[in-house]
Structures are given as C-alpha cells and as structure tokens.
Amino acid sequence: MRYLEAIHDRLDYLMGGLAILAVAVAAGIIVKFLIFKSLEAYNRRQNPVFFKSLTVHLSRPFGFFIPLLFVSIVLPALPYGTTLVENLRRLVEILDIIAFAWILVACTNVARDLVRHKYNIEQKPDNMRERRLITQLQFLRKVTVVTIIFIATALILLSFDPVRKLGTGLLTSAGVAGVVVGFAAQTSIANLLAGMQIAFTQPIRLDDVLVVEGEFGRVEEITLTYVVLRLWDHRRLILPLNYFIQKPFQNWTRTGSDILATVHFYTDYTMPIEPLRQEFDRLLAATDLWNGQASVLQVTDSKERTLELRALMSAQNSALAWDLRCYIREGLIYFIQKNYPDALPKTRSEFTGEKLPPLADLS
C-alpha cells in the first residue's frame, strides 16, 4: 500500500511540473498567434509584401522561441529538485540560442525579399544597378548567415564546462593550429576572399551574360564558394569563385544590357551591295527586336572566291540580339535566293575551248 502511495505521489510530482510547462507552452503559442494577427491587421494594407515575407520566414522561429521564453520564466516555479531544474534551465538556454539564431537568419531572408521586391531585376531591361546591388547584398547575407551559425554553435559549446576548459587549453596552441588550418583550407579561404572581391569590384553580377570555357549563359547564383552559370540549353556550369579572378572570360553585360549583334555571310563577286543594304534596313525597321541605335552592312573582306559581308545591328539585351541575328540572317539569305540567285557562292573553273581527243585515242 505504501508502495502504491509512493508511486502516486511521484506521479503527482511529475504531472504538476509537466502541467506548468504545458501551460507555459500554450501561453507562448497564444501570444505568438496574437502578435502575428496584430501584424497582419496593421501591415496587410500598409505593406503587404513585408507582412507576407514576415509570415513566411518568421512564423516558425517565433513559434519556437516564444513558448521557450515562457518556459524559461516558469522554471523556478517547477516542483523539482535543484539539479533537475538546473539541467532543464541549461537545456532551455541551448534551445533559446538555437531559436534566436533561427530568428536572425529568418530576418536576413525578410531583408532579402524586401530588397528584391524594391530592386526587381525582371522589371527593367537595363537593370545593371539593380543587379549590382542584389549581388552585393546576396553575398553579405550568406556571410552573415555563416557568422550567425558559427557564433550560435560556439555559444552552445561554451555552455558545457569540459568544452570551455578544452578551449582554454587550446588557446596556447592557437598559432600552430591556425597555420595548419590555413594550409588545409587555403582553397576555401581563397574562394571566400575571391567572393568578397567579386561582391564589391563586381566583374560579374547576377543575371550577367557570360561566355566562359566556350559556353554561353547567364549568372544564376553566386554562393560563398562557386558560381552557377545557366547555359543557353538549360545546363548548369559550376565554376569556383577564384576562376573569375584568375582567368579571362567574356562579360556581355558588364556596363549595360544593350549589345551589338553581327551576322557574317558570303556571296559571289557579282552581288550588288546597295540593294542588299536597303533590304537590311527594311528588315530592321520591320522588327521590334532592333532598338534603333546601330545598323550597318559592310564588305569586311574579299576572299579568293567570295565576298565577306557583315551586318551589324544593336539590341536591348543578349537574348533579343540572338533572335535578331537569326532574323536578319534568314531574311538576307531569302532576299539573295529570290532576287540574285546567281550571286550565291560558287566555284569557278576555266575551259580553254580546245577540242578533246577521241576516246579511242585516249585508250
């Protein structure tokens, strides 16, 4: 009988503490709900983009952090022993550090969404300023996230006495350890430094059009260690950051998105140039792909059997320039085929007119 009473008292002892913790967690959930409902009422009309980003990124971390805050408040009221309460307090502190770090990372996501909404690179054809700013902020955000995670991990580890004592002992050999780590991680450090240089000197930016390793594509993502280039056929070319510091490459949108497009084609020497030039001007005037800034058709070379002609025209960006090149190439070839078929490239041979000997004599 005494045994059953002891078990009953023990269960009451445990359930009393669990009930207090459950009330604290429920109160935290209710407070979090009220906070976000108030923000929704205030920001739905004032700043809907901000509230949407806030709800998407901060709802979960605050749903974790606020109940923990209430739990830490009621810890002294738990009917448990000092050792158990101290262990629970340490656990709650570790969870608080994780939740707070989560909130800080989510805040960087909110800031990123607001900047991308204000400086939308898809709303303007000439978006060099927007791409420059977003490239810098994206790199700074990634550095900030890594720093937050590093500090949070360090604070969690330092909350344990054995780790703190170990860290104090390691300080005496920090110089040697730094040299060893430096040699082991020199590639990663070089990429990180290259990323900082790219973010502020900006040889490349997000959405820049590049020709790298013979491949044509756009910069899709810049991480802390590598660059993702989306190629014209939707393949992805992954290159380390220090590649763009050490090796040459072509950037078609370094100073602006507008670009000159060229088409080379070859004709016979009998081709009249002026009608072809007039047709070139007519084709440009008939399309929206041309931005009206540059247009010229010239004979750029005279080879042994053909003339080399170059059509030069301008477009608003590289995608339009590609379509404009194809359009002009097809139009001029069709014009030559229809009106001057004899001016297409041909191979000539000279016949002297001498009478050939009979076939019998050849045998």
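## Basis of the description

Helices (H or I, at least four residues) and strands (E, at least two) are taken here as DSSP runs, numbered from the N terminus. The model is predicted, so that local features need pLDDT of at least 70 and side-chain atom pairs count only at pLDDT 80 or more, while totals for chains, interfaces and linings use all residues. Residues are numbered from 1 along each chain as its sequence is written, and side-chain values use heavy atoms, with hydrogens and water left out.

## The five-stranded sheet

An open sheet of five strands runs in the order E4-E3-E2-E1-E5 with antiparallel pairing, two strands being counted as paired if DSSP finds at least two bridges between them. Its edges are strand E4 (236–240) and strand E5 (250–251), each of which pairs on one side only.

Within this sheet, strand E1 (residues 209–212) and E2 are antiparallel and share four bridges, and Val209 has Arg218 of E2 as its bridge partner. The hairpin of E1 and E2 has two residues between the strands, and in it Glu213 takes a positive phi near 55°. E2 is in turn joined to E3 by a hairpin through three residues; these two strands pair in the antiparallel sense over five bridges, with Ile222 standing opposite Val227 in E3. Five bridges also link E3 and E4, again in the antiparallel sense, and Arg230 has Arg236 of E4 as its bridge partner.

Among the paired positions, Val296 has Leu312 of E8 as its bridge partner, and Gln298 has Arg310 of E8.

A pocket is an open set of points on a 1 Å grid over the protein atoms alone, where a 1.4 Å probe fits, with protein on both sides within 12 Å along at least five of seven lines, and lining residues have an atom within 4 Å of a point; the volume is the space filled by probe spheres set on the points, which are joined across faces, edges and corners.

Of the 13 lining residues, Phe216, Arg218, Leu231, Trp232 and Ala319 are the closest to the centre of this pocket. Strand E2 (215–222), strand E3 (226–231) and H10 each supply at least two residues of the lining, and H10 gives the most, with four residues. The lining divides into seven nonpolar, three polar and three charged residues. Because domain 2 (171–255) and domain 3 (259–343) both give residues to the lining, the second largest pocket lies between them; the domain bounds come from an automatic or database domain assignment.

Conventions: Ala, Val, Leu, Ile, Met, Phe, Trp, Tyr, Cys and Pro count as nonpolar, Asp, Glu, Lys and Arg as charged, and the others, Gly among them, as polar.
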